[in-house]
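Subject: Structure handover

Hello,

I am passing a structure on to you. Please look through it first; my notes on what was found follow below.

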Amino acid sequence: DLKYLDDPKGSYGGEEQIRTIGRIGLAEDLPEAHQILSNFQWTEEDMGEVMVAIQEGEKEEVAAQNWVDANADKVAEWTDGVDKVDGDEITLAYVAWDSEIASHNVMKLVLEEMGYKVTLTQVEAGPMWTAVADGSADATLAAWLPVTHETYANKFEGKFEELGINMEGVKIGLVVPQYMDIDSIEDLKE
């Protein structure tokens, strides 16, 4: 069991949102995918189920499929009223963070079920934002705002479309095991 350390100086920023962004023109070119990506929302608990399964040795695709199978109601909310397609291609870019590996593998399965041929491309944050902005990737579910990716959002302003918030209340910080007798970053010694 882990606990976040208090961050009294705000070194890691505050609560953030994980947002879905798409390339300009996605709504016209792939309207069904645009709708599904815009509808995508899940909770920390949902994401955690997939992340923990992967950390415990499950293959990414298997962990994602198990979650999709167990959460057909949530998946139906994302795809409700959306027509299936016949092999349209879509590329999703993402960073190699456990959270984003989970969300992108789940979304890959959802889009494939809707008839898409999905390519997942794992890159660093800069190339991820660049790919969406220049259209070499169609979308990402991994835009952490307002702090973590603020520089990229500002740099590429007007070159991407925000499709929605897919998770609220996320944060970056330092964690330690629960048993440790420290509660704040200030308690750490150099």
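Helices (H or I, at least four residues) and strands (E, at least two) are DSSP runs, numbered from the N terminus. On that basis, Glu 15 sits in the loop between β1 (2–4) and β2.

Some notes on the basis of the values. This is a predicted model, in which local features need pLDDT of at least 70 and side-chain atom pairs count only at pLDDT 80 or more, while totals for chains, interfaces and linings use all residues. Residues are numbered from 1 along each chain as its sequence is written, and side-chain values use heavy atoms, with hydrogens and water left out.

Overall picture

The protein chain has 8 helices and 7 strands. Its radius of gyration (taken over C-alpha atoms) is 17 Å, close to the 16 Å that the globule rule gives for 190 residues, so the chain is as compact as a globular protein of that length. The globule rule is 2.2 Å times the number of residues to the power 0.38. The C-alpha trace spans about 55 × 40 × 25 Å along its principal axes.

Of the 190 residues, 43% count as buried. Buried means under 20% relative accessible area, exposed over 50%, and partly exposed in between (1.4 Å probe, protein chains only). Among contacts (heavy atoms within 4.5 Å) with a separation of 6 or more, 82% come from residues 24 or more positions apart.

Glu 15

Glu 15 counts as exposed, at 61% relative accessibility. Leaving aside residues up to four places away in sequence, Glu 15 touches Pro 146, Gly 169 and Val 170. The C-alpha atoms of Glu 15 and Ile 90 are separated by 30 Å, and the two residues are 75 residues apart along the chain.

Salt bridges

How many salt bridges does the structure hold? There are 6, a salt bridge being a side-chain nitrogen of Lys or Arg within 4 Å of a carboxyl oxygen of Asp or Glu.

One of them joins the side chains of Asp 138 and Arg 23 (2.6 Å, N to O). Asp 138 lies in the loop between α7 (125–134) and β5 (139–145) and Arg 23 in strand β2 (residues 16–23), so this pair ties together parts that are 115 residues apart in sequence. Both Asp 138 and Arg 23 are buried.

Another pairs Lys 74 with Asp 46, with the closest N and O atoms 2.6 Å apart. Lys 74 belongs to helix α5 and Asp 46 to helix α3 (residues 44–55), so parts 28 residues apart in sequence are tied together. Lys 74 is partly exposed, with a relative accessible area of 22%, whereas Asp 46 is buried at 5%.

In the salt bridge of Lys 108 with Glu 112, the closest N and O atoms are 2.6 Å apart. Both residues lie in helix α6 (residues 98–113), 4 residues apart, about one turn of the helix. Lys 108 is partly exposed at 23%, and Glu 112 is partly exposed at 32%. Elsewhere, salt bridges that share partners join Arg 23, Asp 29 and Asp 138 into one network.

Helix packing

Helix α2 (residues 31–39) and helix α5 (residues 72–79) pack at an angle of about 130 degrees, with their axes 7 Å apart. The contact is made by Gln 35, Ile 36 and Asn 39 of α2 and Glu 77, Trp 78 and Thr 79 of α5.

Regards

Terms used. Axes are lines fitted to C-alpha atoms, for helices over the stretch in contact, and angles run from 0 to 180 degrees between N-to-C directions.
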